[in-house]
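Please look over the fold below.

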Amino acid sequence: MALKHVVIGGGTGWIGSCLVSALQSQGVKTTIISRMPGPSRISWHDLEKKGLPEDVSDVINVAGQNILDFTQKWTPGYKQNVCNSRIETTKALAKAVISTNVKSFITISGVAYYPTNEKEYNEEDKCDPYDFLSKLCHSWEAAAKLPEDCKTRNVIIRSGVVLGRTGGMIQQMIFPFFFCVGGIMGSGKQYMPWIHIQDLVSLFQHAIDNENINGILNGVAPQIITNQEFTKEFSSALGVPAFIPLPSMAVNLLFGQERAKIVLEGQKVIPKRVLESKFKYKFPDIQSACKNFAVLRYSEPF
C-alpha cells in the first residue's frame, strides 16, 4: 500500500496545524502550502509555477483569514482579504489538481450557506445566497468544483463553529468565563451549529480514507443546541456562573453588524450524510465536549 502524501493549504492555522499533527501521527507525509518558508512546505507561488509534488495522494484546503478577529475592522478591504484568502487559494489548488492523479480534493466551507430560520437543513438542501457570508460560501464552494471528467473525488465540508481549547472561540472565551464575566451572546436563543476540533479533523481523515464519499458533508455535531445551552454547559464544566450577557448591540459594535451575524444568528443544521457514512463522533453532545476543553492547561492529543 502506497504511503499517503497530503498537501494542505492553510496548514499553519489552527485547524490546519491540528490536521497536520493528526495525519503525521498516523504516518502520513504532509506538505504545507504557506507564505512562510520551512521544512515540508511549498509556497503558493511554487504551486502556481510548478504545480503539486508528483507523489501527492490527497489535497486539502483550510486556508482563510480569521473572520472573527475583532482586532481587524470590518472594512471593504478586510472583507476582500477574507474572500480572497478562501476563494483564490481554493481556485489555485483546484487548478493544480486537475492535471494530476490526486485521489481526493477536500475543502472547507461554512454553514452560513444555509439561512437562519427554524427549518432544519441537511446536505441535500439547496439554498440561494442571501447575505455577504452566504455569498462567500457559495463562491468558496464554486471555486472548489472540479470538471466532471476529473477522476479526483471532490468533498466539501461545511463547518459549524469549531470548538477546542487550543484555538478559536473557546481560547478567546475561557478566561473571561473562568473569571465569571461570561454569558450568553445576544438573546441566546439563536442556534449554534458546532463541532469539536478533534471530530472535524477526524472527518477530514474519514473523507480521505473512504473512496465512496463525494460532495457535501455538514461538519457539525449531531446535537442541535442554542447559544444559551452552550453557555450553560460551558460554565457548568468550568464550575463557575455565567451571568454577564453580551448584548446584541455590544456584539455589533465589536464585530460590525454584518460579521456579528455569525454569533447572533445561527442555522439549524444536521449532518445527515456524515451519519450515513458511518462516521463516529468522539464528542456528539455539548456536555462531553465542554468537559473535554473546559480546562486551563490543555493540549490536543494529536
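## Strand β7 and its neighbours

β7 and strand β10 (residues 215-219) pair in the parallel sense, over five bridges. Strands here are DSSP runs of E with at least two residues, helices are runs of H or I with at least four, and both are numbered from the N terminus. Two strands count as paired if DSSP finds at least two bridges between them. In β10, G219 stands opposite S159. Strand β5 (residues 104-110) also pairs with β7 in the parallel sense, over seven bridges. Here F105 stands opposite N154 of β7.

This is a predicted model: local features need pLDDT of at least 70, side-chain atom pairs count only at pLDDT 80 or more, and totals for chains, interfaces and linings use all residues. Residues are numbered from 1 along each chain as its sequence is written, and side-chain values use heavy atoms, with hydrogens and water left out.

## How β7 is covered

Strand β7 (residues 153-159) is mostly covered, with seven of its seven residues buried. Buried means under 20% relative accessible area, exposed means over 50%, and partly exposed lies in between (1.4 Å probe, protein chains only). In a regular strand the side chains alternate between the two faces of the sheet. In β7, R153, V155, I157 and S159 are on one side. N154, I156 and R158 are on the other, and both faces are covered.

T152 lies in the loop between α4 (132-144) and β7. T152 counts as buried because its relative accessibility is 7%. A polar atom of the T152 side chain lies 2.7 Å from the backbone oxygen of V102.

## The whole sheet

Which order do the strands of the open sheet follow? The seven strands run β3-β2-β1-β4-β5-β7-β10, with parallel pairing. β3 (41-42) and β10 are the edge strands, and each pairs on one side only. Strands of a sheet pair through backbone hydrogen bonds, either parallel or antiparallel.

## Strand β1

Strand β1 (residues 5-9) is also mostly covered: five of its five residues are buried. H5, V7 and G9 are on one side, V6 and I8 on the other, and both faces are covered.

β1 runs parallel to strand β2 (residues 29-33), joined by five bridges. T30 of β2 is the bridge partner of V6. β1 also runs parallel to strand β4 (residues 58-61), joined by four bridges. There the bridge partner of G9 is N61.

## At the surface

F175, F178, F179, V181, F243, I244 and L296 make a nonpolar surface patch of about 660 Å². Patch residues have over 30% relative accessible area and no salt bridge; like charges are joined within 9 Å, nonpolar side chains (Val, Leu, Ile, Met, Phe, Trp, Tyr) within 5 Å. A salt bridge is a side-chain nitrogen of Lys or Arg within 4 Å of a carboxyl oxygen of Asp or Glu. V181 sits in the loop between α5 (168-178) and β9 (194-196). V181 counts as partly exposed because its relative accessibility is 47%.

Is Q257 buried or exposed? Q257 is exposed, because its relative accessible area is 62%. Q257 lies in helix α9 (residues 257-264). Q257 and W74 are 183 residues apart in sequence, and 9.1 Å apart in space, C-alpha to C-alpha.

Terms used. Areas by Shrake-Rupley, 256 points an atom, 1.4 Å probe, with all protein chains shown as cover. Polar contact = N/O pair within 3.5 Å; in protein donor to acceptor, adjacent residues only side chain to side chain.
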